[in-house]
Amino acid sequence: STSMQTRPVIVAASDLDHGAELRPEDVRIVEWPASSAPADAFDNAEAVVGRGVIIQMVKNEPILPSKLASKEAGAGLPPIIPDGMRAISVRVDDVVGVAGYVLPGTRVDVVATVNPTQNQTDVTSKVVLTNVQVVTAGTKIERDTDGGKPIAVSVVTLLVGPAEAERLALASTEGKIQLALRNPLDKGAPPTPGIRPAGLMGSAPL
């Protein structure tokens, strides 16, 4: 019987997060059936070590050029950001961070709750951005403004256009930001009027 033709293919040695810089121990070489190997797969580790990962990969997944930043770009956040887009980090109210489900790569709507006049009846919640991609999500420690004690706050980095970055910066300065998780296949962005407290209970009493 004829032995099957194989060719060497570089694959992920373990799960890889985007932004990671590939180290020698992150990749390994496997003999892949030549007829089904991805055409643009790498066949030597030197070509990929030191490059940044721009798409999350799972163990044993072939490493392809489309999943890596260019050699010059390095690793970390900058190579992940597409042309014309900006990455902006904001504090979010983690209750609506959909308890642990806001992961890199998920898409969210950003809901801002703002009180423009300090009058409780004017508090307004409104969807200010739709279908925004999450780049990173995590917790950082900040000093509590009152007692100076450390508190954990949820911070997400979102990928937005320059005009959206302005909206996001204003929303995070003026009020609270919450995230609503989306189905990634849903591309809709229905306009919403926003809502005030009186609107929750029907019309405001005279």
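## A buried aspartate

In this predicted model, Asp 26 has a relative accessibility of 5% and therefore counts as buried, since that label applies to values under 20%. Asp 26 is placed in the loop between β1 (6-12) and β2, and, when residues up to four places away in sequence are not counted, Asp 26 touches Val 11, Ala 12, Ala 13, Ser 14, Leu 16 and Glu 21.

Which residue meets the side chain of Asp 26 in a salt bridge? The partner is Arg 23, with a distance of 2.8 Å from N to O, and the backbone nitrogen of Arg 23 also lies 2.8 Å from a polar atom of the Asp 26 side chain. Arg 23 itself has a relative accessibility of 44% and so counts as partly exposed, whereas Asp 26 is buried.

## Salt bridges

Side chains of opposite charge can pair when their charged atoms come close. A search of the whole structure finds three salt bridges, one of which is the pair of Arg 23 and Asp 26. Another brings together the side chains of Arg 23 and Glu 25, at 3.7 Å from N to O. Through shared partners, Arg 23, Glu 25 and Asp 26 are joined into one network of salt bridges.

A further salt bridge links Glu 61 with Lys 67, where the closest N and O atoms are 2.6 Å apart, and the side chains of these residues are likewise joined by a polar contact of 2.6 Å. Are Glu 61 and Lys 67 buried or exposed? Both Glu 61 and Lys 67 are buried.

## The loop between β2 and β3

Glu 61 is found in the loop between β2 (27-33) and β3. Leaving out residues up to four places away in sequence, Glu 61 touches Val 11, Ala 12, Gln 56 and Lys 67; Val 11 and Ala 12 are also among the residues that Asp 26 touches.

Asn 60 belongs to the loop between β2 and β3 as well, and with a relative accessibility of 36% Asn 60 counts as partly exposed. Most residues other than glycine have a negative phi. Asn 60, although it is not a glycine, has a positive phi of about 75°. A positive phi, near 55°, is also found at Asn 131, which lies in strand β5.

In soluble globular proteins, nonpolar side chains tend to be buried together. The largest nonpolar core here has 19 residues, and the members that touch the most others are Val 110, Leu 158, Val 160, Leu 168, Ile 177 and Leu 179. Two or more residues of this core come from each of β3 (86-92), β4 (107-114), β5 (124-143), β6 (150-160), α1 and β7 (175-181), with β5 giving the most, namely four residues.

Helix α1 covers residues 162-174, which is 13 residues, and reaches 19 Å from its first C-alpha to its last, close to the 18 Å expected at 1.5 Å a residue. Which residues of α1 are buried? They are Ala 165, Leu 168 and Ala 171, and, because the buried residues fall within an arc of 130° when seen down the helix axis, they line one face of α1.

On the other side of α1, Ala 163, Glu 166, Leu 170 and Thr 173 are exposed. Leu 168, from the buried group, is also one of the core members that touch the most others.

## The whole chain

The protein has two helices and seven strands, and from the N terminus on these elements run β-β-β-β-β-β-α-β-α. Of the 206 residues in the protein, 32% are buried. Among the contacts between residues at least 6 apart in sequence, 65% join residues at least 24 apart.

Terms used. Residues numbered from 1 in each chain as written. Predicted model: local features only at pLDDT ≥ 70, side-chain atom pairs only at ≥ 80, totals over all residues. Heavy atoms only, no water. Expected span 1.5 Å × (residues − 1). Buried < 20%, exposed > 50% of the residue type's maximum accessible area, 1.4 Å probe, protein only. Arc of directions from axis to C-beta. Salt bridge = Lys/Arg side-chain N within 4 Å of Asp/Glu carboxyl O. Core = buried A, V, L, I, M, F, W, Y, C linked by side-chain atoms within 4.5 Å. Polar contact = N/O pair within 3.5 Å; in protein donor to acceptor, adjacent residues only side chain to side chain. Contact = heavy atoms within 4.5 Å.
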